[in-house]
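Here's a quick tour of a structure, from the overall fold down to where the chains meet. Have a look at it first, then read on.

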Amino acid sequence: MSDERNMIAETVERLFEEHLDTTVIEVAESGIWPTALWDEIAANGLDRVLVPAEQGGIGGSWEDAFVIIRAAGRHTAPVPLAETIGAGWLLAQAGLDVPEGPLSLTDDIARVPWAAQAVQILIAAGDGAFTVREPGETEIIPDRNIGRDPRDGITDPGTATQHTGEVQTIGALVRSCQMAGAIAEVLELCVTYAGERVQFGRPIGKFQAMQQKLALLAGESAAAGIAAQSACRAIDRDEDAMFAIAIAKIRTGEAAGKAAAISHQVFGAIGFTDEHHLHHLTRRLWSWRAEFGGERIWSERLGRAVAEQGADNLWPGLTQGF
Amino acid sequence: MQPLTFEPCDLPDAAEALRDDVRAFLADELAGYPVSKRAHSWIGFDADFSCKLGARGWLGMTWPAPWGPGRSALERYVVIEELLAAGAPVAAHWIAERQSGQLLLRFGNDEQRALCLPGIVAGETYFCIGMSEPDSGSDLASIRSKAVKTDVKGQSGWVINGRKVWTTYAQNSHYMIALLRTGEAEKSRHEGTTQFLIDLSLPGVGVRPIRNMLGDEEFNEVTFDEVFVPDAMMIGAEGDGWRQVTAELAFERSGPDRFLSAFALLIELVRFVSTLPPEAAAGAYDAVGRLYAHLSTLRALSISVATRLDAGEEPALEASVLKDLGVTFEQSIPEIAQQILGIAPRLDCGSDFESSLAYVQQACVSFSLRGGTTEIMRGVIARGLGLR
């Protein structure tokens, strides 16, 4: 990792260690905006990592953003940090000003992340275009996903000016990065617990049945992490990132389902309780997996593109990164 | 928990620069080589082809002078992934080049190297693996084949007795590297084993093919009846067999052969799906998209492991993870082909798709056995995670 990326990684880890715990998550999940957490993030400029320096951002790369968004997923930060980073990039790419404050983006006006808090909402308008909406311009119908993060309905998408940018694709990318982080955390929690929890006179991690499951989980975590980071690299290189982002969303989504199932089996009944932290991760994994296109949508799209390239281009395409 | 380290890496320009050469060579050499044969992947045996690769300088590429040109492991990576993607018949030299030569470089002596490495680099000297025995499969430490220290006519050496099984292409191999018991396992069951380089033309060596469920004769039983080898044929130190065999298995488990051995079938599957009318192909596109996502991710993981190996690290945990994911992927290809497309595999008169499906459907059950079963691999991963 570059020095700058290391610095970002240290900043974001320290910030979440100090300002995000189970209580913050629970209060946010009860519907109260976590002002203090968001203010810390904004004070460090993490939400503006992809905003050009001349607009007061960090002017970083998507691989820098990966470090931040993965950490947000790992710590289940109950704020639209991933959304703000993605929307900020889309606005800047479209040549628009990036306002201060939380931003949102959506491909489904019935499920807009943090519509009430976002100072702007980017709404997919089809054919690689989006419109920008401010919350005051529409009625908001509060709702939540099973992560208990706001996914509000808005009644009026508006007919505002269209700008160029792939909202669903960028949404899929940030969700992939969040899932990669949350899956890595699930793995770590499971391995720690399996080494401590004693049944039949030994830690449950000593049983082959448990070891087989945890090995599978390790593989899913590895695959999710590299798929998400590779997609960030592809977009940094100005490659046609559709392939890489589709791959990331498909692979992290599949890993999310498996990781959630395995982790609940490892933790047993305690993992099914409200007081345990595990469900903060798994409930979000199930939500993120489905948002901005689930695996089926992305795999049909990717599979069709691969079929249209033709069988004889399968290997040449793969080695060229698409 | 030991963290799993998989950073995406690029193949360096020097490695990428080889790709077009290898592709042009393969297009030429394999013109007319049928898909049904390509489906055999690294089980396809063709000594002439191996010699041609040797002549191009593509065997033992990473070995240092005087044995090889000392090129990077990532240059070799490009060559072997191109060979595998084309379904080239690489079996003759595969084991020798992938692991036996590496092992001799690392633990062997100069006499052994001089005896074997030039032939491996030329594509002329072939090896088989002497690990499993009739009563020792996954439990490799329980081997009973023995080497006993002895003097024969004033020459100091070892007398070997026992049996090895599942030795792929022993009938065509010149040498075996065998793990043998040379002492008792006292404190640990891994004690008392030693590796030997055995010339398979020696008196007392018997090779009997074991026909597999496809009707092919690839693997064998190799018997040793009072076979004498001189001291110089012991590899490494007496009693270090377990440590060395673990290193050998790391070479065996970490390459792209662990996710590309059903690639010929995947190509034919994509070819078939390309012919479907788009309005009727949603399910098939979904299947292809998922397979492609897995394949691309595996390649990224594999290049990450190869990059660390090239830097002199030993990412054993990551290599085990890669093999487990890779084998699962390979075995899913015939499964998905049958589920989604409902096409029956055919042995003799089938299309390329049907005949490659016929081979892979049967052969793939061995993918999660060879080089360590899935259950053993996951145990290795669990150990790496700190659970054992």
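## Overall fold

Keep in mind that this is a predicted model. Chain A is built from 11 helices and nine strands. Its C-alpha trace stretches over about 65 × 55 × 40 Å along the principal axes.

Take the contacts in chain A between residues at least 6 apart in sequence: 67% of them link residues at least 24 apart.

## A three-stranded sheet

Chain A holds an open sheet of three strands, ordered β2-β6-β5, with antiparallel pairing. The edges belong to β2 (112–113) and β5 (140–141) of chain A; each has a single partner strand, so one side of each lacks a neighbour in the sheet.

β2(A) pairs with β6 (residues 151–154) of chain A over two bridges, in the antiparallel sense. Within this region, A:P113 sits opposite A:R151 of β6(A).

## Where chain A meets chain B

The contact draws 41 residues from chain A and 41 residues from chain B. On the chain A side, α6 (167–196), α7 (208–236), α8 (242–267), α10 (295–309) and α11 (314–319) each put in at least two residues. Which helix gives the most to that side? That's α7(A), with 16 residues.

By type, the chain A side that touches chain B splits into 19 nonpolar, 15 polar and seven charged residues.

Key:
Residues are numbered from 1 along each chain as its sequence is written. Chains are lettered from A and ligands numbered from 1 in the order in which they are written. This is a predicted model: local features need pLDDT of at least 70, side-chain atom pairs count only at pLDDT 80 or more; totals for chains, interfaces and linings use all residues. Helices (H or I, at least four residues) and strands (E, at least two) are DSSP runs, numbered from the N terminus. Two residues are in contact if their C-beta atoms, placed from the backbone, lie within 7 Å. Two strands pair if DSSP finds at least two bridges between them. Ala, Val, Leu, Ile, Met, Phe, Trp, Tyr, Cys and Pro count as nonpolar, Asp, Glu, Lys and Arg as charged, and the others, Gly among them, as polar.
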